[in-house]
Amino acid sequence: MSRIQLKSSPSITGIRWEPADENVTTRCSAMANELNGAGPPAGRSRSRKSPDHGRRHSNLDVAVIADRTDDCERLLRELQRLRCNVRHIWPVPPQLPTQHDLIFCMLTEDLPQRIPWIPGEPKAGLVVIDPGEGELDLKLIHNCAAHGVLHYPVTARSAQACLALAHDHYLYEKRLRGRIDKLDENLRSMRAVERAKALLIRMKDVTEEEAYNYLRRQAMERRVTIGAVANAIIDSHELLS
Amino acid sequence: MQSNNTSEPWRVGVLFSRTGFMSVIEETQLRGTLVAIDEINDNGGINGRPIEPIIYDPGSDSRSYGIYAKKLMVEDGVSTIFGCYTSSSRKAVLPVVERLDGLLWYPTLYEGFEFSANVIYTGATPNQNSVQLCRTLMELYGTRFYFVGSDYIYPRESNRIMRELIRNSGGSVVGEKYVALGAQRSAFMPIMQDIRQVRPDVIFSTVVGEATTFLYQAYADIGLDPKVTPIASLTTSEAEIRDMGYDVGEGHLTAAPYFQGVGNDSNASFVGRYQKRYGGDEPTNMCLEASYFQVNVFAKTLEKTNSMESTIMRDSVMGSEFDAPQGGVSINPIWGHADLWTRIGRANRQGQFDIVYESPTSVKADPYLLGYGRCLEYS
């Protein structure tokens, strides 16, 4: 999802902020100086112990859907500093956008209905923003199937942790789903391979090992999966018999 | 969700299509669900609280099942859903119940090879219908099979399994045709003409929904003889037979855990109650029966847990038994699938099935066919 941008200099060019209103642009360039210049930007004592790890989430496309308050500004600024490509959106659109890696969105009563995907099949990481007033609605947060919650007031640390954890969780969920799909597919392939092997043993009078080698060689030569070769053998055998 | 000192209803979701090409069978599943709920409520509910169904009609559109499942869980605050016929609709609901931790009760036979901690499967898996059907067909009619199916997950997967069974029993598949889900009548004539030329011993159908009627009627219209080349199916129940006409259905075979004609007191009483409500000429069928008994299993479990929280419900339902109209059934704790009876019926002129095979006991669910060797040996 995240686009890898190879830039030779650590200049502002790696950062794209698509302002939703005009006065953002000026602030952006001011921030660029801050980012390029020496000395730590907003927030205190930044540990430089593992700079690589700090960069894991740079270049992410992030949407921030929140009212333009000081907290929102702090969040935008922190995301910029972390080298994210940030887009500010307000008010909450009827359907959240799906082209971003991560979305920070104000928690509203009807947020679950504004999420365009089916729970369990997210199209982006989602952090809901709790404005920090009134009772916290845990059921609502559950129903958003979010990957994290950011509470106002925003600190650099909380924004950073939310970004990192939510993105991690989103990717982890995606990997797990991918693994399950793969397992399902493998299960089917294994049955096909077993059957194809049995056919080869019977028809070509070879050992189990030779049958398997044959399948593997065919798969390598044709650059297809061994399951595909197995299925082809089974199908053609059926056609011939 | 705890229920101390409250008469608040237990709210559950119900997702069956009353419109669209799947409505013939899903309407009966809805009825089975509602009959069970009414009976439970008439007897005072569960721990003094009635069950309140929240019902949506997904209109035979798979995507709508996912959207309504989300609506049920998010807006209606429901954690238990009874529903789904097609595998595509089940697969649409799956991510929702898995992510939001709900429990889907799925009362339909399917192709197996699935497991989810958030689904209780109460319809048959291939080891509970296909294996015996293949055996019986070969004994009675011959070894040359012709496949006709609707074009979606269940028919293709069922045919894959059926093909393995047939091949390993020395039979062959001499034709395989798919029609679109919701296919029209005209789609079946060319297939029948092909069948007349190829002359198979058996036609194995995985056509579902309204198109089932068109398939069997096309068969009758072209003048094929069910005594020689019957259509065998895992899905054609009393509901579909009535739709196509008793004369059209006569002589064709179906494998299912339940037929209306199952002879036991529990079933006689069930059929009586159902017909009292919906009319004396309304048949019951396997999907209706599974819909009915699964609500009862749910109720028995809820009585113990007094909580609808999915994890608690699920832990408690495992291994539980129920005297269903088909006979004693249980929820297999390994797979969360029901252990069911295997039966093969031949449709008669009254739109009922004469039972030609019945398993001596219920058959353990084996959705991944682990007990059937590497290649589903025919023994």
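How many residues does helix α7 of chain B have, and how far does α7 reach from its first C-alpha to its last? Select residues 211–222 of chain B: there are twelve of them, and the reach is 17 Å, close to the 16 Å expected at 1.5 Å a residue. (The expected span is 1.5 Å times one less than the number of residues in the helix.)

Before moving on, some housekeeping. This is a predicted model, where local features need pLDDT of at least 70, side-chain atom pairs count only at pLDDT 80 or more, and totals for chains, interfaces and linings use all residues. Residues are numbered from 1 along each chain as its sequence is written, while chains are lettered from A and ligands numbered from 1 in the order in which they are written.

Stay on α7(B) and color its buried residues, among them F214(B), L215(B), Y216(B) and Y219(B). Buried means 20 or more other C-beta atoms within 10 Å of the residue's own; exposed means 12 or fewer, partly exposed is in between, and C-beta atoms are placed from the backbone. Just after the helix, click on G223(B), which takes a positive phi of about 85°.

Now zoom out to chain B as a whole. You'll find twelve helices and 15 strands. (These are DSSP runs numbered from the N terminus: helices are H or I with at least four residues, strands are E with at least two.) Of its 379 residues, 53% count as buried. Along the principal axes, its C-alpha atoms fill a box of roughly 70 × 45 × 40 Å.

Select α2(B) next. Its buried residues include Y65(B), Y68(B), L72(B) and M73(B). What do the buried residues of α2(B) pack against? Look for α4 (111–114) and α5 (138–144) of chain A, together with β1 (10–15), β2 (51–56), β3 (80–83) and α3 of chain B.

Last stop: E309(B), in the loop between α11 (286–305) and α12 (310–317) of chain B. E309(B) is partly exposed, because it has 15 other C-beta atoms within 10 Å.

How values were computed:
Two residues are in contact if their C-beta atoms, placed from the backbone, lie within 7 Å.
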